[in-house]
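Here is a short briefing on one protein model. Keep the sequence and the 3D view open while you read.

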Amino acid sequence: MRGKTWQKIALLAVSCMLVAGCTSGPGKKTENTKSTLKVLYNDESWFYQQYGDLFTMKNGENIEFEVVSTQGLYNNSEGKTYEEAFDELVEKEKPDVLMLGTSNFEKYVGDGKLVELDPYIEKEKYNLEGIYPGLIEMLKEMGGNKLYGLAPSFYGNAVFYNKDLFNKYGVDLPHDGMSWQDILDLARRFPTEGDEKTRVYGYGDNYPISMDNMISMISSSEGLMYVNPDTMKVTVDTDSWKRVFQLAIDAGKSGAVYNPEGDGFMGGSMEEYYQSQPFLMGRAAMTVGYPYMLQNMKDAKERLKDYKPFEIGIVSGPVDPSDPTSTYNANLSEIFAISATSPNKDAAWEFVKFINGEDYARVKSRSGGDLMTRMGFKKDFEGQSLDPFYALKPKANKSYDSMQKLPDNFYGEYNSILTREIGLVKDNKKTLDEALKTIQSEAQAALDKGLKDKEANKGKEGTSTDSAGGDSGVSITDGTSGE
């Protein structure tokens with residue numbers, strides 16, 4: 001009897017080895033079973049550096065990657081929009097995991113092309129509580145109250161200020177929820193005398209801030225757009241835009257904003273690079289910046305012999321004054337989602353789950369300037385709290401969503417019209433109302449002509465009438481209408 005029992009055990013063991021390896025537990029993959037995940041991403045080497053290598057180290061060799069790069073889509077020679085080229089690549093390569101921005105994420109959700117993640121999350125009791133709540137809410141809003149993707153990091157800015165300058169000149173310190181009106185009102189309370197290379201500025205950035213720059217920064221923070229992508233109508237002749245233009249014009253006239261002659265730093269030594277940044281050098285009371293500003297300050301302190309450090313503070317903002325608890329400046333450029341047609345959905349979930357999990361956040365929080373969506377792993381930098389970057393509720397920023405719909409030369413034409421007309425207002429040769437009407441009419445004519453030419457040229461071989469895609473850095477739309 002005892003011998004037969006051992007025979008059965010031995011037979012079971014042999015059978016187990018013959019069936020591609022035993023499972024290590026309920027629902028576990030067999031040791032010898034491998035999955036190859038196709039991942040749509042910008043660049044193969046960067047994918048492995050950011051995600052693939054860490055995942056493989058943690059999860060062994062059961063899942064391999066095939067990276068489908070999107071780099072070639074930015075400049076196609078077939079007259080296709082970036083959006084069209086992207087969709088064709090997805091259809092052709094059929095990736096399991098897609099890296100999406102806010103615009104095509106929402107589109108793919110609406111088209112039923114993504115897998116809902118809620119069942120996976122509920123089944124595994126996957127912890128979402130540690131993730132920046134506002135971002136999860138935003139993703140759910142884009143998914144019709146369901147979750148179709150997760151993002152391990154985001155870009156967000158805040159208002160940095162020089163406490164020493166505020167104390168020296170007796171100016172009230174900035175507060176959380178600063179609007180551009182608040183920022184520029186404070187900036188005007190600092191002196192404007194002195195040489196532009198040595199004087200103090202109320203507000204300064206890493207580059208000279210022209211009127212165009214200021215208008216773009218303010219409008220972006222308030223979710224305004226100067227072209228409605230659905231109607232292809234220019235939207236600047238409104239009360240909201242008039243207020244933005246007036247705020248920028250007044251700021252320029254005040255002399256409180258750093259805007260010296262020339263184009264700013266155009267190359268040179270590291271010392272010249274640092275010297276070109278007034279806030280970094282302690283000559284600007286405020287700036288709007290990203291977390292890497294803290295690293296730049298640390299580097300400047302270590303590299304410049306005569307660098308004079310100063311105490312800084314950070315508050316949340318800039319905000320839309322009509323909704324001071326939210327921000328349009330928390331951007332998601334890497335939302336990872338699973339294709340509805342993927343034959344490897346479980347393996348794809350393992351990857352998405354890992355790069356949005358605690359182990360990944362713990363490792364990545366030690367390097368890089370990105371803000372992790374998993375909170376609590378990078379609470380500060382050199383003792384400076386990062387809480388202000390998480391203080392506001394994000395709104396979907398669609399700044400770049402419609403670039404592919406517009407003629408590639410439209411931004412340049414619009415900017416020329418805007419610069420000319422604002423110059424006339426500054427010189428008291430036109431009222432702002434007159435200038436806005438001219439900008440509206442001339443920009444609309446330029447847009448209509450550009451769209452007509454684009455349609456006529458579409459499909460011609462060797463002709464590219466589209467912009468470089470949604471990542472060009474030019475703000476065309478910002479989430480809401482101009483009103």
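The protein has 16 helices and 16 strands. The model is predicted. Of the 483 residues in the protein, 49% are buried.

- Four strands form an open sheet in the order 6-9-5-10, and the pairing is mixed.
- Strand 6 (201–203) and strand 10 (312–315) are the edge strands, each pairing on one side only.
- Neighbouring strands in this sheet are turned against each other by 25 degrees on average, direction ignored.
- Strand 5 (residues 158–162) and strand 9 (residues 284–289) run antiparallel and are joined by four bridges.
- Within that pair, Ala158 stands opposite Gly289 of strand 9.
- Helix 8 (residues 180–187) packs on the sheet and touches strand 5, strand 6 and strand 9. The direction of helix 8 makes about 160 degrees with that of strand 9.
- Helix 12 (residues 292–303) also packs on the sheet, touching strand 5, strand 9 and strand 10. The direction of helix 12 makes about 175 degrees with that of strand 10.

- Lys163 sits in helix 7 (residues 163–169).
- Lys163 counts as partly exposed because its relative accessibility is 22%.
- Leaving aside neighbours within four places in sequence, Lys163 is in contact with Glu311, Ile312 and Gly313.
- Phe310 is 147 residues from Lys163 in sequence, yet the two are 7.5 Å apart in space, C-alpha to C-alpha.

- Strand 1 (residues 35–41) runs parallel to strand 3, with two bridges joining them. Val39 has Val97 of strand 3 as its bridge partner.
- Strand 12 (residues 335–338) pairs with strand 3 in the antiparallel sense over four bridges. Here Leu100 has Ile335 of strand 12 as its bridge partner.

**Helix 2 against helix 13**

- The axes of helix 2 (residues 44–59) and helix 13 (residues 345–355) come within 10 Å and cross at roughly 105 degrees.
- Helix 2 and helix 13 are therefore roughly perpendicular to each other, as angles of 65 to 115 degrees count as such.
- From helix 2, Phe47, Tyr51, Leu54, Phe55, Lys58 and Asn59 take part in the contact. They meet Glu350, Phe351, Phe354 and Ile355 of helix 13.
- By class, this contact of helix 2 with helix 13 has seven nonpolar, one polar and two charged residues.

**Nonpolar cores**

- Which residues touch the most other members of the largest nonpolar core? Phe105, Leu114, Phe336 and Phe351 do, in a core of 84 residues.
- Helix 13 gives the largest share of this core, seven residues.
- Another core, of 52 residues, lies apart from it and includes Leu186, Trp241, Met286 and Val288.
- In soluble globular proteins, nonpolar side chains tend to be buried together.

**Thr438 in helix 16**

- Thr438 lies in helix 16 (residues 432–457).
- Is Thr438 buried or exposed? Thr438 counts as buried because its relative accessibility is 15%, and buried means under 20%.
- Leaving aside neighbours within four places in sequence, Thr438 is in contact with Arg420, Glu421, Lys430 and Ala443.

**Backbone points to check in the loops**

- A cis peptide bond joins Gly317 and Pro318, with omega at about -5 degrees. Pro318 lies in the loop between strand 10 and strand 11 (326–327).
- Lys94 has a positive phi, near 50 degrees, and is not a glycine. Lys94 is in the loop between helix 3 (82–93) and strand 3. With 47% relative accessibility, Lys94 counts as partly exposed.
- Asn428 also has a positive phi, about 60 degrees, without being a glycine. Asn428 is in the loop between helix 15 (410–426) and helix 16. Asn428 is exposed, as its relative accessible area is 67%.

Technical notes
Residues are numbered from 1 along each chain as its sequence is written. This is a predicted model: local features need pLDDT of at least 70, side-chain atom pairs count only at pLDDT 80 or more; totals for chains, interfaces and linings use all residues. Side-chain values use heavy atoms; hydrogens and water are left out. Two strands pair if DSSP finds at least two bridges between them. Axes are lines fitted to C-alpha atoms, for helices over the stretch in contact, and angles run from 0 to 180 degrees between N-to-C directions. Contact means heavy atoms within 4.5 Å. Angles under 35 degrees count as roughly parallel, over 145 as roughly antiparallel, 65 to 115 as roughly perpendicular and the rest as oblique. Ala, Val, Leu, Ile, Met, Phe, Trp, Tyr, Cys and Pro count as nonpolar, Asp, Glu, Lys and Arg as charged, and the others, Gly among them, as polar. Buried means under 20% relative accessible area, exposed over 50%, partly exposed in between (1.4 Å probe, protein chains only). A nonpolar core is a set of buried Ala, Val, Leu, Ile, Met, Phe, Trp, Tyr and Cys residues joined through side-chain atoms within 4.5 Å.
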